[in-house]
Amino acid sequence: MSPQAPPSDHLARFAVSPARRRKDRFARIAIQIATLIALVPLLLIVYYLLSKGLSSWSTDFFTTDPTGNTFFKNSNIGGIKSALLGTIEMVAAASLIAVPVGIGVAVWLVEYGRTSWFAQTVRFFVDVLTGVPSIVFGLFIYIALIVGTGSSYAGYKGALALTLLMLPVVIRSAEVVLMLVPSGLRESALALGAPRWKVIFSIVIPTALPGMVTGVLLAIARAAGETAPLLFTAGATLKTNFNLSEYMNSLPVQIYSDVTSPTASVEQRAWGSALALVVMILLLNLVARLVSRRSRIA
Amino acid sequence: MTDPQTSRLVRDVDPESTPEQVPPVGDAAAATEAPTGASPNGAGRREPKTGFSVTLEGLRAFYGDAEQVKGIDLEFRANEVTAIIGPSGCGKSTMVRCINRMHEEIPGARAEGRVMLDDLNVYDPSVDVVSVRRAIGMVFQKPNPFPTMSIYDNVAAGLRLSQGRRGNLRPRVEAALRSAGLWSEVSDRLDEPGMGLSGGQQQRLCIARSLAVDPEVILMDEPCSALDPIATLKIEELIGELKERVTIVIVTHNMQQAARVADRTAFMLDGQLVEVGPTNEVFTTPSDPRTEEYVTGKFG
Amino acid sequence: MSSTPIPSGERLPLERSPLARLPDRALRYGLTALAALILVLIVYFFFRLVGEASPIFEKEGVLGFTFGEDWNVGAEQFGALPLIIGTLITSALALLMGVPVAVAGAVYATELCPLRLRGPLTILVDLLAAVPSVVYGLWGIFYLAPHLVPAEQWVADTLSFIPFIGGGLVTIPNYFVTGLILAIMILPIVAAISREVMTTVPSDHKEAALALGATRWEMIKIAVLPYCRSGIVGGAMLGLGRAIGETIAVTILIGDAPRLGAHLFQQGYSLAAAIANEFGEAQGLHRSALFAAALVLFVLTLLVNAIARLLVIRSSQGTQTGPPVNSSTSAATRLADTAAGA
């Protein structure tokens, strides 16, 4: 090939102007930088959690209650045992209610309510619930169970506030997964003469199970990290107790109260608790992801 | 337009040659007449332009490791309509998408070989792929006007890329719409959304959009397969008019369409070029038995 | 079907016994009751909340409360305006700083990023949602806020001619750092929804732009972003809802000034922070005022979330007619749900 004119002449009139090239390059670089910026906070938080939190971890840290002696520099401030146990207790209690109720409502929405106006109303209200600020959940329970009754903070009230918080998450994620179950599956079972309830329990729910478990785990992870709903329902206390009708401590509330203390060792403990909390939540998220991989439909 | 004496890649003559074999391209470039700016039949055309020829040399296309187009040498002559026919999956769309380098947009896809736009290899590393796509336009199977833009903005979209907001684009938009045969139908509603038109009108809008940037070649990938017969007919008429300005390559699974619009037709099978020649000959006196089976409907 | 008359009292051959039908009935009515329970609960709580808030509304009137300029606990004078403005300022800051970064991240992940990196990148951004808000508050107050003071002071001094931005001493709890932390907190939601909408852009349109001779950025500008506009705005509004309702991080980082802070880098207050700080010891009218603040918060987040969902649904149906998509099927709204309002 040896044409007379240099080949690029042909495309000359189609050339991209330098200004366009500059804009393209500039835009792409800006986007890349912005993406990096988005990742920086995560890395910083992880770094801080690890560097400051790990050093406060010890067996004592997890097996002693906080002592409340936070005013003097060298006093023994204790560990986070009651907080850890409290979180586990209240979240477990909340899940015991939120999971069956949530899945039940989701099953109703998908199998019975479907597109009826009543179902649409329920969906709308679940939407409303999703957007409620978490402190308002605490206030709801406060109004219902503390105002005027003469009773005060209790672990189960905190658990109930967490239930309210978990409900919309469980319902929505379960609904999504249930809707993904192919209707053909239901129809063939029904066509074989199986009663509705059997189809739901033996076919629909097992198929949707991994997806629902994922949703539940994510809801639990969320509930474990919440502070505000517990402030005025479970109160705060230092001692471990297994009685849900008494004041109960929790990790987020413990961290919150430690944050406002000026003592350095308390700040240290706050980081340690934060690390424990984040590890717990990450583990739940990880398990949720692994479970969702086994799902055949979602 | 093209002198039959200078036609090169004729392969319909030798019965002894194996169907797979294809005569080498030879000195295709040397034989090219540099296209002049003079208009062929300039009467009534606003901007007389002659198209370029496009020549594929040893073109291979891959999706990852899978070879979809297995070595093609093919010439699309300037200002002619060449149709590519063949059964589903034979690689005709892939091959055509290599011409304007759209194939490489798919993750993991790549192409080898040369695609000569006149005497310039489109795959040369020094060539800017964006310019290539400006010079070689494409009309897709499903009409795809930009959904958030008006009719006017759709046609002007390509122009705005290179000109920005400077200059009055209206005359060029109007010219493009006229060339696409759509002006009379939309001149009074240029600000309405492009999606509000019928399927056939949308496709002509897409053609106008491609024409507005004044390409040398237009590739059409089954442009009428989503349209009704009347809209199809309108577009086929349009193709006949457009070939005076641009070189057209049209992929089609409809053999009657190829017979109606194309000067030359190429038949592809399983990633390879089986036969190419004047449309009439390919359909009535094909030299390769596979071609004959395909055009008589034995498979496909 | 034969037409032999059936003796009364016996069942039709194909009918099930009432006992066999019992589980079906029980399930149906039981579940319906659960669903109705949700409705009842929300309505009940809402009305009780209004009830608890009514004393302050009686005393100051709804408008008087909402637009009162002084939140003075001692004098029993409760004007919620500084709280509302504080909430709005920090949320606006969160949007201003968070949305562009989130959308850019989404564009990168869907259009520019090498395929192998897409998964890890998505996971990393989504991980931001797993950090509980109290940890954000902790990190903010002990790390971010002190580190930012020099920069903030520089901005306050250099831009002191702009009202509200400059002209004063920078304090550690302040509006700006609160807004910044909120921006980080809403990043994953906005990014996830933007990503989701961007992946639904039909490749048709992107190819049309590229085939026309557009550079990559030009293609994004004319084919991707306009198509996703309402979805991105919906995602931004969901982020806004989250920012408005956020309590703990804001409480830690905004301070407790009963009046509007003098400028961006000073303390302020917000609706949620006031409740968190004061509710424990509030009595009588004070408490009623805090309930009223909660009511305002509730209504605000309700409105914002309703608009947001409308926009996200509308965008997932695209601008062409097609089968309506249930917006809750998107993983992104799922993420938004699990991370919403702390």
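How many residues of chain C are in contact with chain A? In this predicted model, 72 residues of chain C are in contact with 76 residues of chain A, two residues being in contact if their C-beta atoms, placed from the backbone, lie within 7 Å. Helix α1 (residues 18-60) of chain C supplies the largest share of the side of chain C that touches chain A, namely 15 residues. Helices (H or I, at least four residues) and strands (E, at least two) are DSSP runs, numbered from the N terminus. That side of chain C divides into 47 nonpolar, 16 polar and nine charged residues. Ala, Val, Leu, Ile, Met, Phe, Trp, Tyr, Cys and Pro count as nonpolar, Asp, Glu, Lys and Arg as charged, and the others, Gly among them, as polar.

Residues are numbered from 1 along each chain as its sequence is written, while chains are lettered from A and ligands numbered from 1 in the order in which they are written. As the model is predicted, local features need pLDDT of at least 70 and side-chain atom pairs count only at pLDDT 80 or more, whereas totals for chains, interfaces and linings use all residues.

The secondary structure of chain B comprises eleven helices and ten strands. Of its 300 residues, 49% count as buried, a residue being buried if 20 or more other C-beta atoms lie within 10 Å of its own, exposed if 12 or fewer, and partly exposed in between, with C-beta atoms placed from the backbone. Among the contacts in chain B between residues at least 6 apart in sequence, 70% join residues at least 24 apart.

Chain B contains an open sheet of six strands in the order β6-β7-β8-β3-β9-β10, with mixed pairing. Two strands pair if DSSP finds at least two bridges between them. Strands β6 (136-139) and β10 of chain B form the edges, each pairing on one side only. From one strand to the next, the twist averages 20 degrees; angles run from 0 to 180 degrees between N-to-C directions, and axes are lines fitted to C-alpha atoms, for helices over the stretch in contact. Strands β7 (residues 217-221) and β8 (residues 247-251) of chain B pair in the parallel sense over five bridges, and I218(B) has I248(B) in β8(B) as its bridge partner. Helix α2(B) packs on the sheet, where it touches β3, β6, β7, β8 and β9 of chain B, and its direction makes about 155 degrees with that of β8(B).

Strands β9 (residues 264-269) and β10 of chain B pair in the antiparallel sense over six bridges. These two strands, β9(B) and β10(B), form a hairpin with two residues between them, and D270(B) in the turn has a positive phi of about 55 degrees. The bridge partner of L269(B) in β10(B) is Q272(B). Five of the seven residues of β10(B) (residues 272-278) are buried, so this strand is largely enclosed by the rest of the structure.

G86(B) lies in the loop between β3 (81-85) and α2 (92-99) of chain B. This residue, G86(B), is buried, with 26 other C-beta atoms within 10 Å. Apart from neighbours within four places in sequence, G86(B) is in contact with K92(B), F267(B), M268(B) and L269(B).
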